Amino acid sequence: MNRSVDERDPAAPGPASAGPAGPETPETNRISHPVRPGRWLAAGVTALVLAWLGWSVAVNPNLHWDIVVAYQFDRVIMDGLRVTIQLTVASMAIGVVLGVVVALMQVSDSQVLRAGAIAYVWFFRGTPLLVQLIFWFNIALIFPEIGLGVPFGGPKLVTWETNALVTGFVAALLGLSINEGAYMSEIVRAGLRAVDPGQQEAAAALGMSRLKIMKRVVLPQAMRIIVPPTGNQFISMLKTTSLVSVIAGADLLTVAQRLYLTNFEVIALLIVASIWYLVLTTVASVGQYFLERRFSRGFGVTVPGTLRGRIGRNLRFSGSTR
Amino acid sequence: MTTPMVRCQSLRKSFGRLEVLRGIDMVIERGQVVCVVGPSGSGKSTLLRCLNHLEEPQAGRVYVDGELIGYSERGGRLRPLPDARLRRQRESIGMVFQRFHLFPHRTAVENVMEGLIAVKGVGAADARKRADDLLDRVGLADRAHHYPAQLSGGQQQRVAIARSLAMSPKLMLFDEPTSALDPELVGDVLEVMKNLAASGMTMIVVTHEMGFAREVGDHLVFMDEGMIIEQGPPRDLLAAPQHDRTRAFLSKVL
Ligand SMILES: Nc1ncnc2c1ncn2[C@@H]1O[C@H](COP(=O)(O)OP(=O)(O)OP(=O)(O)O)[C@@H](O)[C@H]1O
Ligand SMILES: [Mg+2]
């Protein structure tokens, strides 16, 4: 159980001075690994394919690299980039809060709370996000007015016109965050369940209140389980925001599309957008790496893999849960 | 006559149809060390957990230091205590578990500080000083900044004892504190418990360490199938058990 916390990168210098090395014991073991011709061949072929791909992309006249360069920092593109970042951060923030609340409902003693949580997850995970986005965008068709007052058809204190309230951005935010909340609640619940019930008992025996037990004992430990998939959700969300182009969301992909509809530089503008998505996911991967390191304190394990490997893995589109 | 530290009256507890405690009566005086032995599943852990109300008994009462645990009584009717009152009662009853249950995300000293900060509202600097003293008392001053995963089982259990002591309890419950330990680590933990007993702490210790029961215990309780079969001074009970079940059990563990 006591795993060494000293697990280091094998390339890093080991504790050479630790322990009295006998006179005949060499400092490091010299192990001659067998030559593996298959691996060398595969590596060679891979390098060749990569080089060929890079070359054909770089010199391809149909890719209009000059247009890519011209638009990479274009004002319109930058505005779209800003919207994408805002949507991602806001939807994830709301989604995480919703997820924690719904997860706590799911583990509560009240049948009603549990049923509500299950219904929420069932509905929002069970219908396509695209449908939910279009639905929120057209919510005015069902509820033309939104009011504050007595429910079940009673008198209203104030009313607003739904169309004025639910703009494209608000509809996007509603759709993305409520959908995200359903996924996050499952992630948070898994994290809560992973914490040994003995932890709550020990804390209760000390006289801690339920709230404190949750905040100081259970959640910090659950975070170790929660953070990695949440990072994936964040990275996935960066790309998922592009779905809001169907409701005129003014995000990065939407503005790129608007631009190529006028100048017909379809490929160049998609490359511009993709480069920005790659930049965003790379930055997010770095953040995820440090968060994971922070929350694995005390568990005697280092975050697996290197920062570089982590970034590469997160760029895969297959990680998306939608 | 002073009030006893613990008084248990016809305590009953079942899980569904399984009757785990079937009427436990017990009185423990201040400063006494009571060892509880008995076969697996006889309800020893459940008894301890009823004493600090981690388990809600179906019937019977527990008084600690004269105070009814978990309920208020008016006109012969029991009402559950408000959370805050129950927490105050638990604060004064320390509990040490077989599997330590240290908080893995906190260092040894932070584990000991946790209750002081989160329950007693002590400032960080004062809490640290008290925690350092307590770690010193259990012989772990040099391990203060290790995480539980970096400590041996015996060291973890001693940190857990220090964590409980930080709340200044009047009663300490130990549920098989050494059963999860490698044999060579048992001694250190028993030594700490022996010192604690010598300092006058009232202790209830579920254990299979008959040596400890004989040497440190004032009273020995033998339980089987949710009942106290036999109790008395450890030396007498170990030397001349009166009941067949006690004899059968002791012949297996001695
Ligand atoms: N939460 C629970 N739900 C259902 N049954 C339980 C629960 N806790 C304990 N039991 C049952 O109650 C009985 C007594 O358990 P308890 O843990 O008190 O025994 P014990 O004397 O401490 O045994 P051991 O020496 O193995 O620790 C066992 O049969 C156990 O399966
Ligand atoms: Mg037990």
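Reader: Which residues in helix 5 of chain A meet helix 7 of chain A?

Author: In this predicted model, Leu129(A), Gln132(A), Leu133(A), Trp136(A) and Phe137(A) of helix 5 make the contact. Their partners in helix 7 of chain A include Gly168(A), Ala171(A), Leu174(A) and Ile178(A).

Reader: By class, which residues does that contact have?

Author: The contact of helix 5 of chain A with helix 7 of chain A has nine nonpolar, four polar and no charged residues.

Reader: At what angle do helix 5 and helix 7 of chain A pack?

Author: The angle is about 140°, and the axes lie 8 Å apart. Angles over 145 count as roughly antiparallel, and the two helices are therefore oblique to each other. Helix 5 of chain A passes helix 7 of chain A in a right-handed crossing.

Reader: Turning to helix 3 and helix 4 of chain A, is their crossing left-handed or right-handed?

Author: Helix 3 of chain A passes helix 4 of chain A in a left-handed crossing. The axes of these helices, residues 75-106 and 111-126, come within 7 Å and cross at roughly 135°.

Reader: Which residues of helix 3 meet helix 4 there?

Author: Leu98(A), Val102(A), Met105(A) and Gln106(A) do so, and Leu113(A), Arg114(A) and Tyr120(A) are among the residues they meet in helix 4 of chain A.

Reader: Now the largest pocket: which residues are closest to its centre?

Author: The pocket holds about 1100 Å³ of space. Of its 33 lining residues, Asp109(A), Gln200(A), Ala204(A), Arg210(A) and Ile213(A) are the closest to the centre.

Reader: Which elements give two or more residues to its lining?

Author: These are helix 3, helix 7, helix 8 and helix 9 of chain A, together with helix 2 of chain B. The lining divides into 18 nonpolar, five polar and ten charged residues.

How values were computed
Residues numbered from 1 in each chain as written. Chains lettered and ligands numbered in written order. Predicted model: local features only at pLDDT ≥ 70, side-chain atom pairs only at ≥ 80, totals over all residues. Heavy atoms only, no water. Axes fitted to C-alpha atoms, helices over the stretch in contact; angles between N-to-C directions. Helix = DSSP H or I, 4+ residues; strand = E, 2+ residues; numbered from the N terminus. Left-handed = near helix turned anticlockwise from the far one by under 90°. Contact = heavy atoms within 4.5 Å. 1 Å grid on protein atoms, 1.4 Å probe; cavity = no way out; pocket = protein on both sides within 12 Å on 5 of 7 lines; lining within 4 Å. Points joined across faces, edges and corners; volume = space filled by probe spheres on them. Nonpolar A, V, L, I, M, F, W, Y, C, P; charged D, E, K, R; others polar. Parallel < 35°, antiparallel > 145°, perpendicular 65-115°, else oblique.
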